[in-house]
Amino acid sequence: MGTGRTVWLSRAVGRVRVFRGESMEVYVNRVKRVRELMEERDIQCLFTAPSSNIFYLTGVKTTLDERLQLAVLSREGPLFLVLPEMYKEAASDLGEGFELLTWADQQDPMEPVREACGTIKGRAAVDPKLWAGHLLRLMETFKDCTFVDAGELLGKVRSIKDEEELRCLKKAGELADEVMGEVLKEISVGMTELELAHFIERKIKEKGADDISFKPIVASGPNGAMPHHIPGDRNIEKGDLVVLDFGAVLEGYCSDITRTVFVGKAGNEEKEIYRIVMEANEAGYRAAVTGALCGDVDRAAREVIDRAGYGRFFIHRTGHGIGLDYHEEPYIVEGSKVSLEKGMVFSVEPGIYIPQRFGIRIEDIVAVTDRGPVRLNNFPRELVEV
Ligand code: CO
Ligand code: CO
């Protein structure tokens with residue numbers, strides 16, 4: 001057992017690579033916290049899918065395909081990682097408290113799963129990211145179990161970030177800020193949305209990111225009214241508002257930033273709506289304090305837009321948690337009773353979308369700390385005309 005035990009299998013199967021210099025303790029503690037919640041919720045066994053959830057609990061990243069891969073955690077004993085045999089070498093040194101069980105392609109993958117959890121009865125929690133086909137096999141194999149959703153349990157543990165995770169999120173945020181600076185220099189009349197989106201992807205990778213968090217959104221003119229517009233061949237024109245939304249993955253952790261820029265001179269109406277969105281962003285950020293509810297953060301941002309008379313044009317929740325996944329718990333949504341705790345990290349991204357005309361969104365990632373909210377994106381929010 002060593003320190004720095006994280007293995008990365010997706011790039012070259014069979015080669016173990018230290019991904020982050022974490023000690024085993026991080027993973028042991030995560031498993032411990034999960035087990036505490038399993039006890040509270042009367043869950044006998046947890047089945048985790050090859051997703052950010054397996055990575056979070058074991059530090060092992062694999063390539064997802066149709067072969068069964070599972071982390072099996074009972075109330076006692078080691079965490080069993082069930083993987084296809086071809087990962088045998090790469091995942092051989094998992095460390096104390098973690099055990100590898102492999103199955104060969106010609107074998108029934110349920111054999112090692114049965115070995116990992118024995119005969120179980122009662123509630124079994126399943127990662128919502130597990131493929132339905134694999135879940136059906138589990139249900140057939142463990143007929144005495146009631147299968148429940150593990151999403152809430154895993155989300156609760158993962159939503160509180162430790163110091164190391166916060167450091168990664170901050171670095172990913174800084175990288176996104178830098179790229180935003182480059183994008184504002186690059187954007188010009190005549191360029192297509194797709195050209196600019198490709199530029200963003202390239203810059204993110206050039207600056208040392210592992211990957212992009214999601215396909216960049218470049219939404220110009222009337223396309224800006226669609227919050228998740230897919231960049232296309234529309235040319236950016238003089239007088240456009242352009243919504244730019246992208247993020248980087250760094251050391252496994254995601255960032256996510258949105259700025260909206262004016263190409264040419266902004267009119268009075270656009271300037272006024274921009275000011276309202278900026279104020280809503282500020283109000284959401286200020287509301288992100290320990291003890292408040294996620295619903296309060298949404299309310300704070302939404303109220304600014306409602307009061308200004310644009311409420312019906314703010315057509316999505318105020319934000320989402322971010323970490324190993326770019327959308328995860330906690331969700332900043334109207335009515336959410338989840339209370340904010342130190343270590344939670346999420347986006348505040350109010351927007352106003354006027355159909356057929358334009359959209360304006362300003363998004364930052366905010367961390368909840370003892371000293372109040374801290375933004376992990378610091379690219380200027382003021383109106384920019386390029
Ligand atoms: Co975004
Ligand atoms: Co976002």
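Predicted model: local features only at pLDDT ≥ 70, side-chain atom pairs only at ≥ 80, totals over all residues.
User: Which element gives the most residues to the side of domain 1 that touches domain 2?

Analyst: Two elements each give two or more residues to that side of domain 1: α5 (151-158) and α2 (52-58). The top contribution is 3 residues, and it comes from α2.

User: How far apart are the C-alpha centres of domain 1 and domain 2?

Analyst: Domain 1 covers 9-158, while domain 2 covers 163-385. Their contact draws 11 residues from domain 1 and 11 residues from domain 2. About 930 Å² is buried between the two, with carbon and sulfur atoms giving 47% of that area. The C-alpha centres of the two domains are separated by 34 Å.

User: Let's turn to strand β10. Are I217, V218, A219 and S220 buried or exposed?

Analyst: Strand β10 spans residues 217-220, with I217 and A219 on one side and V218 and S220 on the other. Both of these faces are covered, and the four residues are all buried.

User: And which residue in β11 stands opposite V218?

Analyst: β10 pairs with strand β11 (residues 241-246) in the antiparallel sense, over 4 bridges. In this pairing, the residue of β11 standing opposite V218 is L244.

Terms used
Residues numbered from 1 in each chain as written. Chains lettered and ligands numbered in written order. Heavy atoms only, no water. Buried < 20%, exposed > 50% of the residue type's maximum accessible area, 1.4 Å probe, protein only. Pairing = 2+ DSSP bridges. Domains from an automatic or database assignment. Contact = heavy atoms within 4.5 Å. Buried area = accessible area lost by both parts, 1.4 Å probe.
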